[in-house]
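Notebook open, structure loaded. Here is what I looked up, in order.

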Amino acid sequence: MPGKRRPKLAVWKFASCDGCQLSLLDCEDELLDVAGALDIAYFPEATRSVQPGPYDLSLVEGSITTPHDAERIHQIRRDSRQLISIGACATAGGIQALRNFKDVREFTRIVYASPQYIETLRRSTPIAEHVRVDFELRGCPIAKHQLIEVISAFLNGRKPNVPTYSVCQECKRQGVVCVMVAHGTPCLGPVTQAGCGALCPSYHRGCYACFGPKETPNIPALSQWRRERLGASDLEILRSLRTFNAAAAEFERESIRHEHQNHPG
Amino acid sequence: MAKGSGKKGSAMRGIGPFGRPSRVIPKESLRNLLEVLRLRGYTLIGPTVRDQAIVYDEISSPQELPIGWTDRQGPGTYRLERREDDAFFGFVVGPQSWKKFFFPPAQRLFQISRDGKEIHTTPDPVQTRKRALIGVRPCELRALAIQDRVFTGGAYVDGSYRRLREDVFILAVNCGEPAATCFCASLDTGPQVTDGFDLAITEVIEGTRHEFIVHVGSELGARVLEAVPSREATDADSATEREIVQRATRRMSRALERSQLKELLYRNYESPRWDQVAARCLSCANCTMVCPTCFCSTVEDVTDLSGDHAERRRLWDSCFTMDFSYIVGGSVRASTRARYRHWLTHKLATWQDQFGVIGCVGCGRCITWCPVGIDLTEEVAALRGRESPDGGSGAIQENHHDRTES
Ligand code: SF4
Ligand code: SF4
Ligand code: SF4
Ligand code: SF4
């Protein structure tokens, strides 16, 4: 946008593996365009030069797991005109939210020699649980094309084309043969949000739900089918829901239900 | 080119609907027939095995057909199995329908670019080529006729569909063995073709005999067949063919009762049955994607990072999504109950008001490819059952698992 001040971009990290930020660096073809359209003001993963806020667009990766981070996110929100959380950690708490189902102090006692120095929260929580978020981009990791789409939408002042329907719809558009119906392979695609391009089913694997629950998911109905028709146990169903999006509300509710059925009383 | 008119033609009695006597070719001549089509410039598209299912794709010879394979289908389940014989067409319908060739699942419509103050629009050309569809089933012919009507029949013609549908040769196949999910006989859409094809064949395998009885449905079909050695069909051949098709009808285990269908659905907007099916339905949209008559799409406008280029894309859509009924203030059909009710009511009732026919041809795809085996014939029977004096006890199973094939 010639003549105009380029919007300032900041990329922040909380508890995460860095995979989502790396998706941005991985956008080989578009990376130069991104750098041309946005002033990369804060992105420690990519550059050491740091500009002070406020920022026009903040991409936030990772979940909130420490008291310090719970403070820090508020400052970032204050410094950001728009804030987009990216990835399963930032939008659902990530794999580290498995602690939410147990007592995290027990883990720290086992793992660390001096657990008294560990300051950690009992739950790993998504960014939106702490501050207002303008958009949540799902995925573990996020899909590059969706990230570019969200940035393009931001730059052009339009709504991003990020569908919230099922992975099945992507399967069918691509002509992927359904692994559940044709092979009997359990698949979470019917309750998972599209975005990956049906990656796993196109390699004959069931969907692992990296993109979290789709709009209006009916997880109990899928669990019932898996149990009655595909011979899945409560434990298998429970484990399939306890992954990167374990703490997404609908997955959490359903996995707890199977926990109780697995260990009644 | 033969285009389905959607009307029923005369029944086959040794004479094809085109008024020519039927002929017989040995199985080896299928290769010659396809070769003639290729020499006439047609790309061959037919059923072929991929990822343990039978899909429609480009083929180059009959060897790529699913020879000796059959499909075992039930609600939410599909398995390929070996046959005892080496039939070319010993299976029914797979997860895909022919609609993907005429109504592509994803399609760019045009691009717009900005150059200073000027705006340029470049429509995407529709890439057409001569295509021969090999092995189109009777129900699929009817589905093509329905989509022809939807996309090209009214005041607004879909240009892309019309172009893609030109120059299509149709080799249809009568069905000898239905899947457990088929119910075309109850809708009069199969298991025998009536019209809308260039050539139609019935595969005959009896002992050492392996032949095709061929019917001519168009002038073009006649010319293609002339190039292949054949003999005239006898009365005995016609009797054999009748028996094959009747056997298929007899073996059909599902049915959709057509009488008063529209009235039934319009009367039952508030049936508690919708809550029951909504408790099982995943709103995943598989049923609409696999349906050969469903025609809904959405358009997306996308800009690039610079904002100097934009494009519009058309994608298959489904009434099972929230976005489908999104208007100011939210989605009109937010509950799965409302969405399933809309799908069934559109297929079987409002479709009649729109297009004069029902939107279902009885192919059974939505039953097989529903990940949780929801069966529309069962849903309709349940709605009827609730209205009957005994409240539908007896024949109607509320529990879907009792009806599932193993
Ligand atoms: S493979 Fe999975 S995601 Fe794809 S259609 Fe089947 S159930 Fe849906
Ligand atoms: S509604 Fe189902 S059975 Fe009827 S045409 Fe569509 S997919 Fe086939
Ligand atoms: S049933 Fe749904 S997807 Fe199919 S044509 Fe009707 S509205 Fe469209
Ligand atoms: S009826 Fe079956 S295929 Fe259709 S949306 Fe519901 S669960 Fe999916």
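I took helices as DSSP runs (H or I, at least four residues), numbered from the N terminus. Axes are lines fitted to C-alpha atoms over the stretch in contact, with angles running from 0 to 180 degrees between N-to-C directions. Housekeeping: this is a predicted model, where local features need pLDDT of at least 70, side-chain atom pairs count only at pLDDT 80 or more, and totals for chains, interfaces and linings use all residues. Residues are numbered from 1 along each chain as its sequence is written, chains are lettered from A and ligands numbered from 1 in the order in which they are written, and side-chain values use heavy atoms, leaving out hydrogens and water.

**Helix pair.** I looked at H9 (residues 273–280) and H11 (residues 336–355), both of chain B, and got an angle of about 105 degrees with axes 8 Å apart. H9(B) and H11(B) are therefore roughly perpendicular (65 to 115 degrees counts as that). On the H9(B) side, the contact (heavy atoms within 4.5 Å) uses B:Trp274, B:Asp275, B:Val277 and B:Ala278. H11(B) brings B:Thr336, B:Arg337, B:Tyr340, B:Arg341 and B:Leu344.

**Ligand 3.** I listed the residues around ligand 3 (a heavy atom within 4 Å); among them are B:Cys294, B:Cys296, B:Cys319, B:His342 and B:His346. H11(B) turns up again here, giving the largest share of this shell, four residues.

**Ligand 4.** I found 13 residues around ligand 4, the closest being B:Cys281, B:Leu282, B:Cys284, B:Cys287 and B:Cys370.

Terms used: Helix = DSSP H or I, 4+ residues; strand = E, 2+ residues; numbered from the N terminus. Parallel < 35°, antiparallel > 145°, perpendicular 65-115°, else oblique.
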